[in-house]
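Please read the report below alongside the sequence and the structure. It moves from a sheet and its helix to the relations between copies, and then to some local details.

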4 protein chains.
Amino acid sequence: MHFASDNAGPAHPSVIEAVARASDGYQRAYGAEAAMERVQGRIREIFEAPQAEVHLVATGTAANALMLGCMARPWDAVFCSEHAHVEHDEANAPEFYTGGAKLSLVAAPDGRMTPEALERALLPDGARSFHNAQLGPLTLTQTTETGAVYGAPEIAALAEIAHARGMKLHMDGARFANALVALGCSPAEMTWKAGVDALAFGGTKNGCMGVEAAVFFDPALAAEFAHRRKRGGHLFSKHRFLSAQMEAYLDADLWRDLAARANAACARLVAGLRAHPEAEIVWPADANLVFVALPRAVHRRLLEAGADYHVMDGDPMQGAPEERLTARMVCDWSMDEDGVDRFLSLLG
Amino acid sequence: MHFASDNAGPAHPSVIEAVARASDGYQRAYGAEAAMERVQGRIREIFEAPQAEVHLVATGTAANALMLGCMARPWDAVFCSEHAHVEHDEANAPEFYTGGAKLSLVAAPDGRMTPEALERALLPDGARSFHNAQLGPLTLTQTTETGAVYGAPEIAALAEIAHARGMKLHMDGARFANALVALGCSPAEMTWKAGVDALAFGGTKNGCMGVEAAVFFDPALAAEFAHRRKRGGHLFSKHRFLSAQMEAYLDADLWRDLAARANAACARLVAGLRAHPEAEIVWPADANLVFVALPRAVHRRLLEAGADYHVMDGDPMQGAPEERLTARMVCDWSMDEDGVDRFLSLLG
Amino acid sequence: MHFASDNAGPAHPSVIEAVARASDGYQRAYGAEAAMERVQGRIREIFEAPQAEVHLVATGTAANALMLGCMARPWDAVFCSEHAHVEHDEANAPEFYTGGAKLSLVAAPDGRMTPEALERALLPDGARSFHNAQLGPLTLTQTTETGAVYGAPEIAALAEIAHARGMKLHMDGARFANALVALGCSPAEMTWKAGVDALAFGGTKNGCMGVEAAVFFDPALAAEFAHRRKRGGHLFSKHRFLSAQMEAYLDADLWRDLAARANAACARLVAGLRAHPEAEIVWPADANLVFVALPRAVHRRLLEAGADYHVMDGDPMQGAPEERLTARMVCDWSMDEDGVDRFLSLLG
Amino acid sequence: MHFASDNAGPAHPSVIEAVARASDGYQRAYGAEAAMERVQGRIREIFEAPQAEVHLVATGTAANALMLGCMARPWDAVFCSEHAHVEHDEANAPEFYTGGAKLSLVAAPDGRMTPEALERALLPDGARSFHNAQLGPLTLTQTTETGAVYGAPEIAALAEIAHARGMKLHMDGARFANALVALGCSPAEMTWKAGVDALAFGGTKNGCMGVEAAVFFDPALAAEFAHRRKRGGHLFSKHRFLSAQMEAYLDADLWRDLAARANAACARLVAGLRAHPEAEIVWPADANLVFVALPRAVHRRLLEAGADYHVMDGDPMQGAPEERLTARMVCDWSMDEDGVDRFLSLLG
């Protein structure tokens, strides 16, 4: 009954085995090992993007912050949703890696920013002088932080606005695979064909130990990446242990399979929650996480029985029993029907 | 015959096995897993430092730069040896993490700075005003970049100078275990008993996949570490894969055994080199790396026969055959007698 | 008919004369001149704050950004109004000087943030972990960017919320004198007695050439100022030309007299605008600036006749003549009745 | 007898008068005033550089640090002389404005770096990878910090080395006019014709209140300047008071006349010093400053009699009377024969 985060689960055995196999004799360090070449090739294939530049780092914070650093100047504003992880949960890592760029929040009623809200946030043409932050990149999270997933046309509409102003589009894809499985489209359709210039392609939350790929569809944006990664302390000397993870993750569609499992578990969870008279699903639960409002008394019962998840807006243990509090529940790749069903039976 | 770097070798099987075992079910993320508690306890024991604060990161660059960030203000000078890795091989990571502090180089004829050179670099008391960089920390590398090892009294003498000015002492211990084995003293004697306030305790070069411990003997220096680590993108969500490595590394003295192997291989290599009429050992080869000057013709022969090492000061393949060029040769934990002997037989 | 900005007007003759007098022979450089001692003493008297630390810089951007740098750590959030100059018009200077802190916007319906909005923005106690930006200072602009002025009790209410969380309170006083004159209270009442820990006390907009005082009522906050100012390039070698301006500005209440003139001109302007059937005053015009909505046709007439002011939300020259656009009009110390009346007569 | 610094003297009356004249009615703010246009035009004429981009700031620290920020990336090394002001006396301002670039010191026996020393510092081609700081700009100080002046061919030789590596050449011209007068060449010959890409052209030390021109002979290097200046807090709202100073300074060759006065005073001082049996001139005193070694007893006598200058390497008041200590003596534009002669008569 572990729904706290897809960070709390294990790595997939295939990933672990690949790591063990990689610990074999001498190899070139710092990403010059043969496996990294293969990883880049495989990602280019999967995304139908033969020109893409691919680099690996170990954390999502690093992937997003380094990429935004490549895309924004210190006097720019980076435009993100009001729910964005980069704004709320990265301890100012984007500000650090951009040298002090500002995050400007765009209204996103259900987690997805709308074209209208983006237009408003950008201000009319000519409204910015050197007194103001300049137009930096737009960053979208896919799957969003609310659990909603942008459709490819929605991404394209936002990309069009950004590109018309000369802005680049970054995608925070910590849960990219879950969104892809939810939409059933191709990786290319959800990214560069919709206008995405650079993608942080997540592995950690979806069955890896700790690996994320910075994928630059516009290779010019990658020009500084090697310097920025080293300067940030994110270049692994025994880099083989990153490329081994990613290679296993991509092999035989493991990445999609694991996301499909997580999404299926979440769908089962959502169905069960919907059936409960006091539960209210807050946002569209399109992928592997769901926000649900429940009375405090229910939370208390669940948590005391050993369920594990985050209540976002109050203390579940203290206060009026009927007050509704919103919980975030996340299913990782290792969540099975049994775990969901045990939880739902507790819910009653 | 791989002497290019201790970064090019594999991880030890015990480390890999521990990582595989750690991938088991749900655990608290971000360092709150039980293993991290054990790692901190074990390091406190090993260093006889019950108050020490311990954090893990995946790279040495991150460990050193984050720690220097905790110890230096942006308008400070960090004092390091003229050979220091933090100055020459970190792509300005220390400057990045300190917010723009300066590295001031101290003369270090054989890789070890002398008390006289340090005094000179610090300037007389009162010579610094707000126009100048202020006194920040002193950082020493142990094992030094030249292969020489500071004795504990040498460290203490430098620490005394630093502490008299209110400066803190940081130790870059990427090859800490190799130095410890070389000196045969206790971890406490080589660190806090000699005045070291904070140590980057390396695992990666000595048999781990990628893990370094930031050990703050002065826990007040660690106050900002959690914020700085997260902001730098160095907090692992599946942190269990860092603590598992470190736990295995510390278990049953594995870390010392691996360093002893590397040092023994290097001693065998040095002995063989010394026996060669044209080889000249450049600096004291106290631990697991040696710098040796050899005629270009000899380098050429060795490299063409498959030996792998770095020539520091020229192109071994082009130029006068009798010109002497200096090579750096490093033995990692997995280098065995056989490898050394095959190389030495090539040397002739 | 110049209402574009109080930056567009001249310096007061007394200030110019003082600058000329200061250019007399050799004096100690970098703020060690005798006049600076007198300036600090005079500010301590005026503010009834004998312990206050006072430093001068030449621009408001520098004063605010350097002070916020002293008050916020790089992983903090600085809380400011949604209208705040530091957010909108400083090209990321606060982010630069804080080393990458974030500005978090607080709702401020008429330019003044409310206690409720501040509480909401701060989140409940315990809701921030090391994943999040930490609580940095609160900054209030007085006179606000809308022209409204906080009453001293309003400041005190916000200060209380901030101090209860351990946050410090900074005041951006680019138009401090105008607010003081509007309220008719004492400098102490509007600052430290209401909980302000540090004030950027403006001179430039109110009759100086370019000088602002950083006034730290809590002198501990000033500990880093000298280093930060020098590092930022804001320490004048011929600092006497800053202290001379400030000394003349403070002498014989010149600063209050100039603000009173500006406020009186603005009151006359506002009265005239209110009398116009199509004008709508947007926010409380408490001091020396007013936002007024007028039909585009009216703007066009005024601007073509030579009036000078900024239209905020559209092109006054193109579009439907009846559409209302909001203008900002500012009266500086040198605006006289005549200028206002000529403008009003144009308005008709 | 004031030889402490050319920062301690007054501004020239013509500069003060121009400032007073500029305080006249409403003008466009932030550098859009008409005088700034004229200043740029005049500098283009003087330097025979019709394409040069010119901006003004109030301090030399700001001018140099902002320009280096435009020319260096955060992972670069900026190469400067071992005596450089930017290294020793700017409290890490260059590191701040470059976002953490490193200053790499080049040997400069008499204050002027030699081509050989520069070549050595740059390392051979191909010796830098992404582990290392990259090649950023070269910065030369003219007049150097020792008082020696580079000849135009010396500058050209260093420029050639830099340009061959793709590096740009910055000149710190805090005492540019003094060097120009000393060499008797044209401004163009000492700058862009010798390979200088950007010049910080000083006014403050040579008769202004506080103004320096950032002159970009390569206008592409100025692309970010407006954003960087505003972000640094160095854009004056009442910018007219900067342009008025610079306009007066350039008018009728005032800048050259003032430098000629300062150099003449210094030459008289040096001649007097040379005549003294115990004085030893340390470095070539080509312009308006001289370093001279004198016994402590002599320093003591001079200082007690009211002479004002800095002793660099010890306490003149305490220690062996015969020990020689080195003093720096600077003549500003307002130093006259009388002042020098009074000092020399004291010296005896």
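In chain A of this predicted model, strand 9 (residues 289-295) and strand 11 (residues 324-330) run antiparallel and are joined by seven bridges; strands here are DSSP runs of E with at least two residues, helices are runs of H or I with at least four, and both are numbered from the N terminus. Within that pairing, A:Leu294 has A:Leu325 of strand 11 as its bridge partner. Helix 12 (residues 254-274) of chain A packs on the sheet and touches strand 8, strand 9 and strand 11 of chain A, its direction making about 20° with that of strand 9. Contact means heavy atoms within 4.5 Å, and axes are lines fitted to C-alpha atoms, for helices over the stretch in contact, with angles from 0 to 180 degrees between N-to-C directions.

The sheet of chain A is open and consists of four strands in the order 8-9-11-10, with antiparallel pairing, where two strands count as paired if DSSP finds at least two bridges between them. Its edge strands are strand 8 (280-281) and strand 10 (310-311) of chain A, each of which pairs on one side only. In chain D, too, four strands form an open antiparallel sheet in the order 8-9-11-10.

Residues are numbered from 1 along each chain as its sequence is written, while chains are lettered from A and ligands numbered from 1 in the order in which they are written. Local features need pLDDT of at least 70 and side-chain atom pairs count only at pLDDT 80 or more, whereas totals for chains, interfaces and linings use all residues; side-chain values use heavy atoms, with hydrogens and water left out.

The table sets out two superpositions, each made by least squares on the C-alpha atoms of residues with pLDDT of at least 70 in both copies.

| Chains | Rotation | Shift along the axis | RMSD |
|---|---|---|---|
| Chain A on chain B | 180° | 0.0 Å | 0.0 Å |
| Chain A on chain D | 180° | 0.0 Å | 0.0 Å |

Chain A is laid on chain B by a turn of 180° with a shift of 0.0 Å, which is the relation of a two-fold axis. The residue of chain A that comes closest to this rotation axis is A:Gly232, at 3.5 Å (C-alpha). Here the same surface serves both copies, since 98% of the contact residues of chain A recur in chain B.

In chain C, the axes of helix 12 (residues 254-274) and helix 14 (residues 337-347) come within 9 Å and cross at roughly 15°. The two helices are therefore roughly parallel, a term for angles under 35 degrees. Residues that meet across this pair include C:Ala265 and C:Leu269 in helix 12, and C:Val340 and C:Leu344 in helix 14.

In chain B, strand 1 (residues 53-57) is mostly covered, with four of its five residues buried, that is, under 20% relative accessible area with a 1.4 Å probe and protein chains only, where exposed means over 50% and partly exposed lies in between. Strand 1 pairs with strand 7 (residues 212-216) of chain B in the antiparallel sense over five bridges, and B:Phe216 is the bridge partner of B:Glu53.

Conventions
Parallel < 35°, antiparallel > 145°, perpendicular 65-115°, else oblique.
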